[in-house]
Amino acid sequence: MDYRNVLTTCTYCGCGCTFYLEVLDGHLVNTIPCKTSNLNEGKLCVKGWSVHEFVESPNRLTQPLLRKDGKLTPVSWDEALDFTVKRLKEIKEANGPDSIAFLASAKVTNEENYLIQKFARAAVGTNNVDHCARL
Amino acid sequence: MVEKIKARVQELLASGKIKGFLGLRERYGHVGPYLFTDPNDLDGMSVGDGAKPGDTRYSLNKQLIRLVRCYQDDAFGVLVRGCDERGLKTLIASNQLDPARVVPVGLACPQELADACECMKPYPDEYVAGEQAEGRPFAGVAQIEAMAMEERFKVWLAEFAKCVKCYGCRDVCPMCYCKECTLGSKDFVNVGTLPPQNPIFHITRALHMAGRCIDCGLCSEACPADIPLRTLYKKIADLVDQEYQYRPGYGEPKASLTIHGLGDAPQH
């Protein structure tokens with residue numbers, strides 16, 4: 001019998017609410033906010049309440065995909081990254097650095113966010129840096 | 001109090017009468033739901049009393065339904081206060097739980113909690129821990145009813161305006177077991193937009209609590225906007241009692257619940 005309530009932190013925003021993920025037979029079935037958390041005090045936002053749904057969602061991206069002949073095709077990380085570098089260079093060349101924008105994240109470390117804005121500003125040459133909450 | 005609960009649980013697990021006991025446990029500095037399966041591993045069990053009595057209660061019945069449905073050959077124990085027992089009775093009457101596979105372990109709530117909850121019956125029919133406290137009337141409902149109709153409406157519109165449509169009230173509710181929820185159906189509400197329609201969103205939920213809400217108060221506790229949902233649903237329960245002489249979980253369960261719901265609409 002596999003039934004567990006696993007204490008964890010929300011992956012969505014910078015708040016980091018505490019909740020239990022209810023696991024039944026190896027699958028996530030429910031989200032239960034933690035009553036003793038000083039942060040969220042047993043409450044959650046709509047994203048937090050439905051967090052268990054995305055983990056096993058069939059819509060979830062599990063590998064790099066590249067559109068070839070109009071069809072999304074699984075590729076290696078190397079191929080995906082090479083393509084990204086090539087296209088970013090081409091777009092910057094043809095349309096200028098401000099034609100590219102970057103979306104940082106509430107859920108990565110400060111150091112990772114520093115890297116992305118450094119890449120945007122110093123490597124690509126644009127101030128178009130915004131945040132995943134804009135999505 | 002927890003020692004008496006632990007003793008009962010140990011007995012039930014050791015005898016094999018239950019496969020597991022759905023209760024609360026302190027782990028990693030937090031108190032949360034836990035399925036105890038080993039009679040020798042009950043350390044850290046909690047009854048849900050933190051800084052104040054009852055402030056770390058969870059929707060255990062909601063989890064129990066899923067557990068019982070999944071493990072069809074086993075019986076499970078569950079921690080019940082007065083409200084949880086009302087929930088069990090109503091869930092059994094609605095065919096959501098098989099009474100043969102549920103073993104409640106009762107806990108009577110202290111007067112302080114009964115007062116805070118304005119609970120009419122703060123103890124289950126049978127309990128192994130706690131002492132019977134006095135039931136309390138719905139003072140919150142009376143307070144609102146003392147206001148003139150127009151003022152009452154203003155008060156509720158102002159409360160509902162705070163709603164961020166987190167669906168916490170519905171998601172935590174132990175009595176909300178519907179596979180398809182009206183509040184998620186575009187035929188009844190605006191799905192995917194904010195703010196929720198005021199007051200139709202909340203009135204819809206309140207109406208769905210008729211004959212269903214067992215007054216546990218977890219909805220109000222889950223509301224990040226501190227909307228007094230429980231008070232509204234207590235009023236709904238009063239109306240249902242008036243019209244149908246039925247209050248979910250109190251007295252005999254309504255036998256017709258499984259097929260006909262409450263009954264024909266009152267004609268007046």
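The legends below describe close-up views of a predicted model. Residues are numbered from 1 along each chain as its sequence is written, and chains are lettered from A in the order in which they are written. Local features need pLDDT of at least 70 and side-chain atom pairs count only at pLDDT 80 or more, whereas totals for chains, interfaces and linings use all residues; side-chain values use heavy atoms, with hydrogens and water left out.

**View 1. Salt bridges around R247(B).** A salt bridge is a side-chain nitrogen of Lys or Arg within 4 Å of a carboxyl oxygen of Asp or Glu. R247(B) pairs with D238(B) at 2.8 Å and with D241(B) at 3.2 Å. R247(B) is buried at 12% relative accessibility, while D241(B), at 27%, is partly exposed (buried, under 20% relative accessible area; exposed, over 50%; partly exposed, in between; 1.4 Å probe, protein chains only).

**View 2. The salt bridge of D171(B) and R170(B).** The N to O distance is 3.2 Å. D171(B) is buried, with a relative accessibility of 18%.

**View 3. The interface of chain B and chain A.** Contact (heavy atoms within 4.5 Å) involves 34 residues from chain B and 25 residues from chain A. The two chains bury about 2300 Å² between them, buried area being the accessible area (1.4 Å probe) lost on being put together, summed over both parts. H30(B), R66(B) and Y71(B) supply 26% of the area that chain B buries against chain A.

**View 4. A salt bridge between the chains.** K35(A) meets E221(B) with N and O 2.9 Å apart.
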